[in-house]
Amino acid sequence: MSATADHAEERTSPAVRLGFQPEQVVQEIGYDDDVDQELRESIEEVIGSDLVDEEYDDVADAVVLWFRDDDGDLTDALVDATTYIEEGGSILLLTPKTGRDGYVEPSDISEAATTAGLSASKSVSVGKDWSGSRLVTPKAAKTKK
């Protein structure tokens, strides 16, 4: 019976569908009044703690990056975000959906991710106003000599 409950949770929880897991430390960057509070609460519920903010001074397991077209340079934001996560960690890049203020072209996301040394997955709807792209750091890229 618990397997059925697990499958139901995967369908209903966007955080589970996006790969968040209990006890992860998740850092949030780019928070503003327009973020999707339901998604934030879903992530906090799955990880079992609050999201940590930009002032967090240790490495996180994952980063949630809210980014709008007028927030500056996406490549720079992604490069900065990679400094906050563990080797092999992921960045959930959240951008406004088509037609919303701050919309970011998928080609711009792909180009910025590649330039930042990240591998992108396909874009997914994560709420009424936001799309998400799960970006992962290649493990080898973090190895220091």
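This is a predicted model: local features need pLDDT of at least 70, side-chain atom pairs count only at pLDDT 80 or more; totals for chains, interfaces and linings use all residues.

Visitor: At what angle do H4 and H5 pack?

Guide: Helix H4, which covers residues 74–82, packs against helix H5, residues 106–115, at an angle of about 45°, and their axes lie 8 Å apart. Angles between 35 and 65 degrees are neither roughly parallel nor roughly perpendicular, and H4 and H5 are therefore oblique to each other.

Visitor: And is the crossing left-handed or right-handed?

Guide: H4 passes H5 in a right-handed crossing.

Visitor: Which residues meet there?

Guide: From H4 come Leu74, Thr75 and Leu78, and they meet Asp108, Ile109, Ala112, Ala113 and Thr115 in H5. Sorted by class, this contact of H4 with H5 has five nonpolar, two polar and one charged residues.

Visitor: Changing topic, how many residues has the largest nonpolar core?

Guide: The largest nonpolar core has 18 residues, and those with the most contacts inside it are Leu65, Leu74, Leu78 and Ile91. At least two residues of this core are supplied by each of strand S2 (60–66), H4, strand S3 (85–96) and H5, while the largest share, four residues, comes from H4.

Visitor: What does Ile91 touch?

Guide: Leaving aside residues up to four places away in sequence, Ile91 touches Val63, Leu65, Leu78, Ala81, Thr82, Ile85, Leu118, Ser133, Arg134 and Leu135.

Visitor: Which residues are in the other core?

Guide: That other core, which lies apart from the largest one, has 17 residues, among them Val35, Ile43, Ile47 and Leu51.

Notes: Residues are numbered from 1 along each chain as its sequence is written. Side-chain values use heavy atoms; hydrogens and water are left out. Axes are lines fitted to C-alpha atoms, for helices over the stretch in contact, and angles run from 0 to 180 degrees between N-to-C directions. Angles under 35 degrees count as roughly parallel, over 145 as roughly antiparallel, 65 to 115 as roughly perpendicular and the rest as oblique. A crossing is left-handed if the near helix is turned anticlockwise from the far one by less than a right angle, and right-handed if clockwise. Contact means heavy atoms within 4.5 Å. Ala, Val, Leu, Ile, Met, Phe, Trp, Tyr, Cys and Pro count as nonpolar, Asp, Glu, Lys and Arg as charged, and the others, Gly among them, as polar. A nonpolar core is a set of buried Ala, Val, Leu, Ile, Met, Phe, Trp, Tyr and Cys residues joined through side-chain atoms within 4.5 Å. Buried means under 20% relative accessible area, exposed over 50%, partly exposed in between (1.4 Å probe, protein chains only).
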